[in-house]
Structure formats: C-alpha cells, structure tokens
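I opened this structure to go through it one feature at a time. My notes follow in the order I looked things up.

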Amino acid sequence: MRRAVAVGVAAAALLAAAPAAARGAGSVGVSVPPCRGGQLAPGGAERLGVDAVRVTVVNEGPAPCVLRGHPAVALAGQGSPDSARALAVVAQGAARPVVLPVGGAAQTRIAFAPVLGETDGYCASGAVPFVAPSMVVGVAGARLQLAPDDGGYFAVCGVAVRVTAFGPVP
C-alpha cells in the first residue's frame with residue numbers, strides 16, 4: 001500500500017511540474033520528455049471477460065516520461081510469422097498525455113470480437129477464429145509481448161480491435 005501511495009504522490013508532483021502541453025493546462029513548467037521504448041516494460045494483460053483485455057505498461061526509468069496515444073496491436077504465434085496477425089486498431093476516445101514517474105504505470109483496454117462456443121469455437125461473422133498465446137503491443141517504439149494473466153490464449157474473430165488511449169492506473 002505504501003508503494004501505491006508513494007507512486008501516487010510522485011505522479012502528482014510530476015504532473016504539477018509537467019509542461020502545459022503535457023498537462024493540457026495553461027501554465028509553463030519543467031519539461032518531461034516523451035517515453036521511449038527502452039523505458040517501458042510489460043506490466044500485465046488482465047482478461048476482462050471474453051472480449052477484452054486490460055494491458056499495463058510500466059516506466060522502468062531512468063527518468064519520468066510522458067506517454068501519449070493508442071498502442072499498435074498484434075497477436076503473436078508460436079515462433080512462426082505465419083502464426084502471427086497484426087490487428088487494425090480502432091481508436092476509442094481522446095488521447096491525453098500521461099506523466100509516468102519511474103515505476104509508474106499506464107493502462108489501455110483492448111476489445112475484440114470474441115470467439116463463441118466451446119473447444120471448436122466459431123465467429124458470429126463467419127470468419128475463422130484466430131488463437132495465439134501472446135499479444136504484442138507497440139508503444140513508444142517498443143514491441144512489448146504479453147500473455148494473458150490467466151495462462152490461456154487470446155482468441156479473436158476478425159482483424160480489428162477497439163483500443164482506448166493509455167491512461168493512468170487508478
């Protein structure tokens with residue numbers, strides 16, 4: 001609990017010092033640079049029912065940074081390019097800058113058309129289901145690979161996902 005409070009206090013302090021463009025406010029402050037791929041690490045892929053996942057990325061430093069926008073998304077096969085699929089991103093909501101202190105995290109929600117049925121699932125659209133053990137999220141020049149938190153697979157119908165902009169972890 002102390003770590004969460006400390007991160008929250010640090011985030012508030014950084015937000016107060018962030019430039020006007022990063023905060024969306026009208027005052028001038030110290031500049032916080034954009035996040036770079038080498039700073040970010042996967043923090044988890046939490047399943048939200050059968051049709052969505054919450055992906056978390058963490059700033060591992062060495063300094064605070066500003067994360068903006070929506071990630072790119074692909075499903076990763078089992079070591080074969082033929083078993084991977086890039087997905088079209090349908091952006092949901094406005095992208096606002098998120099100031100990440102070192103150790104701070106941001107989240108995005110990725111929703112997709114689910115595979116229906118049991119073992120031999122099917123797509124309501126008639127498309128062939130695509131199943132993969134991991135997801136690759138493109139953010140700030142990095143490609144972060146994540147597996148579902150429940151140890152299962154990602155199973156989607158179609159080639160598009162609905163993705164929210166990154167936001168702070170509540």
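**Entry 1: surface and overall layout**

I began with the surface of the chain. Its accessible area comes to about 9,000 Å². Carbon and sulfur atoms hold 58% of that area. I note here that the model is predicted.

Next I asked how much of the chain is buried. Of the 170 residues, 36% are buried.

Then I went through the secondary structure. I found 2 helices and 12 strands. The order from the N terminus is α-α-β-β-β-β-β-β-β-β-β-β-β-β.

Among contacts with a separation of 6 or more, 71% join residues 24 or more positions apart.

**Entry 2: disulfides**

How many disulfides does a search of the whole structure find? It finds 2. A disulfide is a covalent bond between the sulfur atoms of two cysteines.

I took the pair of cysteine 35 and cysteine 65 to begin with. Their sulfur atoms are 2.1 Å apart. The torsion about the S-S bond is about 75 degrees, so this disulfide is right-handed. Cysteine 35 sits in the loop between α2 (20–23) and β1 (40–47), and cysteine 65 sits in strand β3, so the link ties together parts 30 residues apart in sequence. Cysteine 35 and cysteine 65 are both buried.

I then turned to cysteine 123 and cysteine 157. A disulfide joins them, with 2.0 Å from S to S. The angle about the S-S bond is -90 degrees, and the link is left-handed. Cysteine 123 lies in the loop between β7 (105–114) and β8 (130–132), while cysteine 157 is in strand β11 (residues 154–164), so the pair ties together parts 34 residues apart in sequence. Both of these cysteines are buried as well.

With bonded cysteines counted along the chain, the pattern is 1-2, 3-4.

**Entry 3: salt bridges**

I searched for salt bridges and got 2.

One is between the side chains of glutamate 46 and arginine 54, at 2.8 Å from N to O. Glutamate 46 counts as partly exposed because its relative accessibility is 34%. Arginine 54 has a relative accessible area of 28%, so it is partly exposed too.

The other is between the side chains of aspartate 150 and arginine 47, at 2.6 Å from N to O. Aspartate 150 is in the loop between β10 and β11 and arginine 47 is in strand β1, so this bridge ties together parts 103 residues apart in sequence. Aspartate 150 is partly exposed, with a relative accessible area of 49%. The cut-off for exposed is over 50%, so aspartate 150 stays in the partly exposed class. Arginine 47 is partly exposed at 25% relative accessibility.

**Entry 4: threonine 56**

Is threonine 56 buried or exposed? It is buried, because its relative accessibility is 13% and the cut-off for buried is under 20%.

I then checked its side chain for partners. A polar contact of 3.3 Å joins it to the side chain of glutamine 107. I listed the contacts of threonine 56 beyond four places in sequence. They are Ala41, Pro42, Gly43, Gly44, Ala105, Ala106, Gln107, Leu146 and Val169.

I looked through the backbone last. Most residues other than glycine have a negative phi, and most peptide bonds are trans.

The peptide bond from glycine 61 to proline 62 is cis. Its omega is near 25 degrees. Proline 62 belongs to the loop between β2 and β3 (65–67).

Alanine 140 is not a glycine, yet its phi is positive, at about 55 degrees. I found alanine 140 in the loop between β9 (134–139) and β10 (142–146). Its relative accessibility is 32%, so it counts as partly exposed.

Glycine 77 counts as buried because its relative accessibility is 18%.

Definitions and conventions
Residues numbered from 1 in each chain as written. Predicted model: local features only at pLDDT ≥ 70, side-chain atom pairs only at ≥ 80, totals over all residues. Heavy atoms only, no water. Buried < 20%, exposed > 50% of the residue type's maximum accessible area, 1.4 Å probe, protein only. Polar contact = N/O pair within 3.5 Å; in protein donor to acceptor, adjacent residues only side chain to side chain. Contact = heavy atoms within 4.5 Å. Helix = DSSP H or I, 4+ residues; strand = E, 2+ residues; numbered from the N terminus. Areas by Shrake-Rupley, 256 points an atom, 1.4 Å probe, with all protein chains shown as cover. Disulfide = S-S within 2.5 Å. Salt bridge = Lys/Arg side-chain N within 4 Å of Asp/Glu carboxyl O.
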